[in-house]
Amino acid sequence: MSKASEGATPGFLVWRLSMKWRVAVDRAVAPLGLTHAQYALVASLYGMHRSGLRPSQRRLADHTGLEALYVSKLARGLESAGLLQRARDPDDPRAVQLELTEQGREVTRKAIDVVQGLLRQLLAPLGGLGSPRAREFTRELTILLDAPLDPFGTTDHETEQS
């Protein structure tokens, strides 16, 4: 453990790890003309399309955890760059569906390869991507991500002490 991490709270460590990851991905995908946020959008869209889905902007926002307005802004920029197409949903005229262009699929495949290399580097200290420690780490992260957070609510512990 580094000196900077000694005595740090889990929240601080999660923040530091997320910033380390964000910066690394930003730098790695920049030569492909993408930012980390754009990568998150196109990689998620790529995976959803491979599963047979043509998601709306709203569904993609829910999937990525990004705000719907931010997804809309990112989608417009990616559309201008020729990486994706936006079209009205024939079943819901209020919804906009997203689809990668051929160029978008090509750029996304390259970006996924680059980010997978970063992921292998990140997880090497845990024994690598497929190691038991990395699988446990993934399970723990999933538990934390699935836990609801209410920044304005009180915790059960605070309620019990009242």
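**View 1. Phe-12, a partly exposed ring in helix H1.** At 34% relative accessibility, Phe-12 falls in the partly exposed class, because that label covers everything between buried (under 20% relative accessible area) and exposed (over 50%), using a 1.4 Å probe and protein chains only. Phe-12 sits in helix H1, residues 10–29. Helices here are DSSP runs of H or I with at least four residues, strands are E runs of at least two, and both are numbered from the N terminus. A heads-up before going on: this is a predicted model, where local features need pLDDT of at least 70, side-chain atom pairs count only at pLDDT 80 or more, and totals for chains, interfaces and linings use all residues. Numbering starts from 1 along each chain as its sequence is written, and side-chain values use heavy atoms, with hydrogens and water left out.

**View 2. The aromatic pair of Phe-12 and Trp-15.** Searching the whole structure turns up one aromatic pair. Phe-12 and Trp-15 make it, in a tilted arrangement with 6.0 Å centre to centre and 35 degrees between the planes. (Rings of Phe, Tyr and Trp, the last by its six-membered ring, pair if their centres lie within 6.5 Å; planes under 30 degrees apart are stacked, over 60 edge-to-face, the rest tilted.) The two residues are three apart in helix H1, so about one helical turn separates them. Trp-15 is partly exposed too, at 47% relative accessible area.

View 3. Phe-12, Leu-13 and Trp-15 together make a nonpolar surface patch of about 280 Å². Patch members need over 30% relative accessible area and no salt bridge; like charges are joined within 9 Å, and nonpolar side chains (Val, Leu, Ile, Met, Phe, Trp, Tyr) within 5 Å. Areas come from the Shrake-Rupley method with a 1.4 Å probe, and for residues only the protein chains shown count as cover.

**View 4. The core and Leu-84.** The largest nonpolar core holds 27 residues, and Leu-34 and Leu-84 have the most contacts inside it. H2 gives the largest share, eight residues. (Such a core is a set of buried Ala, Val, Leu, Ile, Met, Phe, Trp, Tyr and Cys residues joined through side-chain atoms within 4.5 Å.) Beyond its neighbours within four places in sequence, Leu-84 touches several residues, including Leu-41, Leu-45, Ala-75, Leu-78 and Leu-98; contact means heavy atoms within 4.5 Å.

View 5. Arg-58 meets Asp-62 at 3.1 Å, N to O. Both lie in helix H3, four residues apart, about one turn of the helix. Asp-62 counts as exposed because its relative accessible area is 54%. Asp-92 bridges to Arg-94, with the closest N and O atoms 3.1 Å apart. Arg-94 is exposed at 71%, whereas Asp-92 is partly exposed at 23%.

View 6. Glu-102, Arg-105 and Arg-109 are linked in a network of salt bridges. Within it, Glu-102 and Arg-109 meet at 3.6 Å, N to O. Glu-102 is partly exposed at 47%, and Arg-109 is partly exposed at 35%. Val-114 is in helix H5, residues 102–123, and is partly exposed at 33%.

Note on methods
Salt bridge = Lys/Arg side-chain N within 4 Å of Asp/Glu carboxyl O.
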